[in-house]
Amino acid sequence: MSEVSKSKVLVAEKIADIGLAKLRHAGHEVEVRPKMSPDELLEAVQDANALIVRSATQVNADVLQAGKNLVIVGRAGVGLDNVDVDAATERGVLVVNDTLSNIISAAEHTMALILSQARNIPQAHSALVQGRWERSRWQGIELSDKTLGVIGLGRIGRLVAERALGFAMRVIASDPYVSEDVARRSVMDLVSVEELVAQSDFITIHVARTPDTVGLINAKLLERAKPNLRIINVSRGGIVDEADLAEAVASGRIAGAALDVFDGEPITESPLFNLESVVVTPHLGASTEEAQSKAGDAIAEQVLLGLAGEFVPAAVNVPAKGVPDALRAFLPLGEQLGRLFATLCDRLPDVLEVELSGEIGKSDNTVVVMSVVRGLLSAVSDMHVSYVNALAMAQERGMEVRGSSNPNAKDHLNLLTVSGGSHSLGGRLDGVRQTPVLVSANGHTLHMPPAEHMILLSNEDRPGMIGLVGTLLGNAGINIQDMNVGRSPAGKGASMVIATAQPLPQAVAEELEAIDGVTSARYMGLAGLQG
């Protein structure tokens with residue numbers, strides 16, 4: 001279900017052409033405006049549906065407030081230091097970043113800095129081009145048999161560890177979120193940060209910047225270091241206390257350092273810059289042709305999903321870890337059932353129950369529950385409802401949402417049921433094409449695809465009812481496109497579900513209910529509530 005057929009995408013920093021081409025090919029208007037001032041950004045974002053940035057553009061609460069039509073903010077890179085995720089979440093704006101495209105580039109840059117530290121390559125180069133042959137001064141060390149301490153065993157940390165093992169280094173690691181078994185399988189020991197600093201000849205840092213990691217490498221910790229320690233940081237600025245590090249290097253407490261990231265970038269002055277045994281680069285970890293191409297392509301893919309109203313796997317502010325493969329196809333069905341349920345109810349139920357039965361009942365149901373709530377609230381609210389704010393909006397409206405899973409399904413391989421108040425709907429996916437089908441409504445069995453306009457009619461099970469209903473609708477100028485007749489489980493009544501080309505006017509609904517034998521006639525449809 002496409003939410004925004006043609007949108008405006010504001011690109012505030014340069015991304016690869018492949019990403020821009022993908023956005024334009026999808027029919028969206030793409031405005032590329034790098035190096036905007038904060039005031040220019042506030043003006044430009046006002047009519048944008050998506051905003052793409054890298055690390056320089058500050059997406060703060062003011063920007064998010066100015067972007068009243070924003071659906072998604074995409075950060076073409078790993079860190080989110082420049083995006084106010086909490087403010088975006090409050091406004092229901094998806095925030096996505098790209099965590100995979102630069103991992104190889106970052107790992108290789110880390111190894112380049114380790115080698116630069118070991119062999120003094122930048123210093124020797126600088127001396128030679130300035131006319132000094134200083135062969136003895138810049139004697140280096142071998143990596144073989146040295147100990148590399150890896151702080152953070154995420155994807156990049158593991159890639160660095162693999163490459164270091166290729167240099168015959170001993171690798172140890174510190175990461176509270178990794179088990180000892182995982183570390184052993186990677187041929188390394190897991191130790192505390194304090195033990196790691198005490199044992200290592202080189203330390204490389206690969207953790208996110210959080211309140212817990214800011215200033216992680218400081219003077220107190222460096223007191224445990226061997227004098228030949230060299231520190232490398234290609235993760236985020238601020239994790240290393242740069243003043244403490246400069247003092248440790250200058251005093252000879254440790255041998256050197258190599259940094260690609262700094263606190264408060266861009267930066268051109270630092271006490272580290274005057275130290276011969278320190279190597280610095282201007283945040284080049286992801287600056288390769290391959291990484292930039294992959295980042296532009298990946299962020300465009302995520303933005304397209306967000307603009308289409310689909311679940312965005314890379315969203316950092318959605319309360320779900322991801323979509324199990326078994327559930328991915330059920331997200332559109334969940335949203336359709338939610339929209340249909342909203343039109344069936346006179347008011348939001350106090351409690352909305354979403355149950356996944358059968359094979360799909362074996363997976364985490366969180367994201368399917370969100371899809372149902374998103375569909376329901378989109379049908380009754382003029383606010384933008386996303387996977388980010390759907391559950392919060394339900395709570396604000398006093399509706400309790402309960403999700404449940406049942407690995408057993410009585411009559412279906414998989415069944416998604418939505419119920420609340422006096423109404424219920426059940427749906428499943430049929431066939432190879434996974435076509436959404438309604439299989440129950442208010443306790444009556446049926447088999448019919450969801451449609452833009454539908455009538456749910458309960459009636460006595462007796463001859464002639466279909467003819468009476470069809471004649472009345474024909475006389476009212478309402479064209480029937482599809483019809484399905486169902487029975488109640490107890491066999492005491494019948495139902496009709498009729499897909500029509502037009503919505504059901506209230507006056508016609510009243511005429512239907514006046515037919516002898518018809519107990520109720522209600523409009524429901526994917527098109528939403530009818531005035």
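Contact here means heavy atoms within 4.5 Å. With that settled, here are some notes on the structure.

1. **Ground rules.** This is a predicted model, in which local features need pLDDT of at least 70 and side-chain atom pairs count only at pLDDT 80 or more, while totals for chains, interfaces and linings use all residues. Residues are numbered from 1 along each chain as its sequence is written, and side-chain values use heavy atoms, with hydrogens and water left out.

2. **Met524 and the cores.** Leaving aside neighbours within four places in sequence, Met524 is in contact with Leu340, Thr343, Leu344, Leu425, Leu438, His453, Met454, Leu456 and Val497. A nonpolar core is a set of buried Ala, Val, Leu, Ile, Met, Phe, Trp, Tyr and Cys residues joined through side-chain atoms within 4.5 Å. Buried means under 20% relative accessible area, exposed means over 50%, and partly exposed is in between (1.4 Å probe, protein chains only). The largest such core has 68 residues, and Leu352 and Met524 have the most contacts inside it. Helix α15 (residues 366–380) gives the most to this core, with nine residues. Another core lies apart from it, with 28 residues, among them Val193, Ile203, Leu229 and Leu245. As background, nonpolar side chains in soluble globular proteins tend to be buried together.

3. **Overall layout.** The chain has 18 helices and 22 strands; these are DSSP runs numbered from the N terminus, with helices being H or I of at least four residues and strands E of at least two. The radius of gyration is 30 Å, well over the 24 Å that the globule rule gives for 531 residues, so the chain is more spread out than a compact globule. That radius is taken over C-alpha atoms, and the rule is 2.2 Å times the number of residues to the power 0.38. Along the principal axes, the C-alpha atoms fill a box of roughly 105 × 50 × 40 Å.

4. **Burial and surface.** Of the 531 residues of the chain, 50% count as buried. The chain exposes about 24700 Å², and carbon and sulfur atoms supply 49% of that; accessible areas come from the Shrake-Rupley method with a 1.4 Å probe, and for residues only the protein chains shown count as cover. Among contacts with a separation of 6 or more, residues 24 or more positions apart account for 65%.

5. **The aromatic pair.** Rings of Phe, Tyr and Trp (its six-membered ring) pair if their centres lie within 6.5 Å; planes under 30 degrees apart count as stacked, over 60 as edge-to-face and the rest as tilted. The count comes to one aromatic pair. Phe262 and Phe273 form it edge-to-face, at 5.7 Å centre to centre and 90 degrees between the planes. Both residues lie in the loop between β11 (256–259) and β12 (278–280), so the pair ties together parts that are eleven residues apart in sequence. Phe262 is buried at 6% relative accessible area, whereas Phe273 is partly exposed at 30%.

6. **Thr281, next to Phe262 in the contact list.** Thr281 lies in the loop between β12 and α12 (289–307) and is buried, with a relative accessible area of 16%. Beyond four places in sequence, Thr281 touches His109, Leu113, Leu259, Asp260 and Phe262. A polar contact of 2.6 Å joins the side chains of Thr281 and Asp260. The term covers a pair of N or O atoms within 3.5 Å; within protein, one must be able to donate a hydrogen and the other to accept it, and residues adjacent in sequence count only if both atoms are side-chain atoms.

7. **Arg462.** This residue sits in the loop between β19 (454–459) and α17 (465–475) and is partly exposed at 33% relative accessibility. The backbone oxygen of Asp516 lies 2.9 Å from a polar atom of the Arg462 side chain. Arg462 and Gly517 are 55 residues apart in sequence, yet their C-alpha atoms are 8.2 Å apart.

8. **Thr147.** Thr147 lies in strand β6 (residues 147–151) and is buried at 7% relative accessibility. Its side chain makes a polar contact of 3.3 Å with that of Arg170. Outside four places in sequence, the contacts of Thr147 include Met169, Ile172, Gln199 and Phe202.
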